[in-house]
Amino acid sequence: MKEFFDDTWRGLNATPKYLASKYFYDATGDAIFKEIMELPEYYLTNCELDIFSRHRSELANTILSYYRDFDIVELGAGDATKSVYLLEALLKHQIDFTYYPIDISENIIAQLNNRLPGRLPGIKVHGLNGEYFEMLEQLKNIANRNKIVFFLGSNIGNIPLDDTIDFFTRLRTHLVPGDLVLTGFDLKKDPMIILDAYNDKTGVTKRFNLNLLQRINDTMDADFDLSQFEHYPVYNEGTGACKSYLVSSKNQRVLIGGAGWVYFKESERIYMEVSQKYTVAQTDAFAEASGFTVVRHFYDSKKWFLDALWQCR
C-alpha cells in the first residue's frame, strides 16, 4: 500500500504527470482487461492464440529437443489463456515439470493456483505474487532445474523501448546457459489497426484506464471525478510506441489521501502506459545484445505477432 501511494504521489506531481501501469491490475482491473482481450479490435490475443493453437506441437517438440526435465516460469501470467495450450501439449508427453506463474495481481495468482489443476489434470502449479525479478530471485531457492521462461501477450511492450535491452539483460542474470525464453512481440502493422486496439468503440479500454483513478480513490481517500477525464491513445508509426493517456477536461484539483492537492490544467495529460510495437530485426537485436541466441520464430497466420524462442548463451 505504501509503495502504491508513494508511486502515485510521485507520478502525479511529476512534469509531465504519469501513473505506473502495474497498478492497473486489481480484481476489477483484471476483469476489465479480460473484457479487452475479447474485443474484436484487440487483435493481440487472437494472434497469439493462433500461434499457440497451430504451433503447440512444434513448440513442445522444440522445447523437448533441448530438455525433458525443466520448470516453466511465466512472467505476467494473467489467466494463462495462451500458455494453457503449450502446457497441455507438454503434459501429453508425460514430462515432469512445475509451472511457476508470476503476476503482480494477487487475485490472478489465487485463480491460477485454484483453477488450473482442474483444467489441466496432473499439472503442478506454484504461483508467485509480486514483481518479476523479486520472484525470480525467490525462485532460485525453490527450483534448481533448467527453466523455460514465458513472457507472452506482448507484456514486453509495456517496457519503454530504451529500457528493453536492460530488461532482457537483467532477466539473463537470473538464468543459466541453456535456459530458454519465449517472448511475445507485437509487430508493426497498419497504424489504424494498432490504434483501434487501444481505442475500442465500446469504451472498455477507457474504463480500464479510469479504473486506476477509481482504485486511487478507494485506497487513498482521493476524490478524482472520473467523468472529468478522457481516454486518449496515440501511435507513433516511426518509433512503434502506442501510448495511452488520461486527459483532464477542465482546470481542477484532486485531493490525494489527505496528503495534499494535485492540480490539473484543462487538457493536461496523465501518461498511463506504452504498448510498444517492433520489427523482427529489432527483436533479434535484443536477443544478441542481452546474452541470448535466437532459436525459432513462430508467427500467427497474418504475421502480425511473433513469439520468439531464445536460448541463454
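Q: How far apart are the mean positions of the positive and negative charges of the chain?
A: The model is predicted: local features need pLDDT of at least 70, side-chain atom pairs count only at pLDDT 80 or more, and totals for chains, interfaces and linings use all residues. Residues are numbered from 1 along each chain as its sequence is written, and side-chain values use heavy atoms, without hydrogens or water. Lys and Arg are taken as positive, Asp and Glu as negative, with His and the chain ends not counted; each charge is placed at NZ of Lys, CZ of Arg, CG of Asp or CD of Glu. For the 34 positive and 43 negative charges, the separation of the mean positions is 2 Å.

Q: What radius of gyration does the chain have?
A: The radius is taken over C-alpha atoms, and the globule rule is 2.2 Å times the number of residues to the power 0.38. For 313 residues this rule gives a value near 20 Å for a compact globule, and the chain agrees with it at 20 Å.

Q: What share of the residues of the chain counts as buried?
A: Buried means under 20% relative accessible area, exposed over 50%, and partly exposed in between, with a 1.4 Å probe and protein chains only. Of the 313 residues, the buried share is 53%.

Q: Which residues of helix α7 are exposed?
A: Helices (H or I, at least four residues) are DSSP runs numbered from the N terminus, and α7 covers residues 164-173. Thr-164, Phe-167, Phe-168, Leu-171 and Arg-172 are buried. Because their arc, taken from the directions from the helix axis to the C-beta atoms, is only 140 degrees, they lie on the same side of α7. On the other side, the exposed residues are Asp-166 and Thr-173.

Methods. Helix = DSSP H or I, 4+ residues; strand = E, 2+ residues; numbered from the N terminus.
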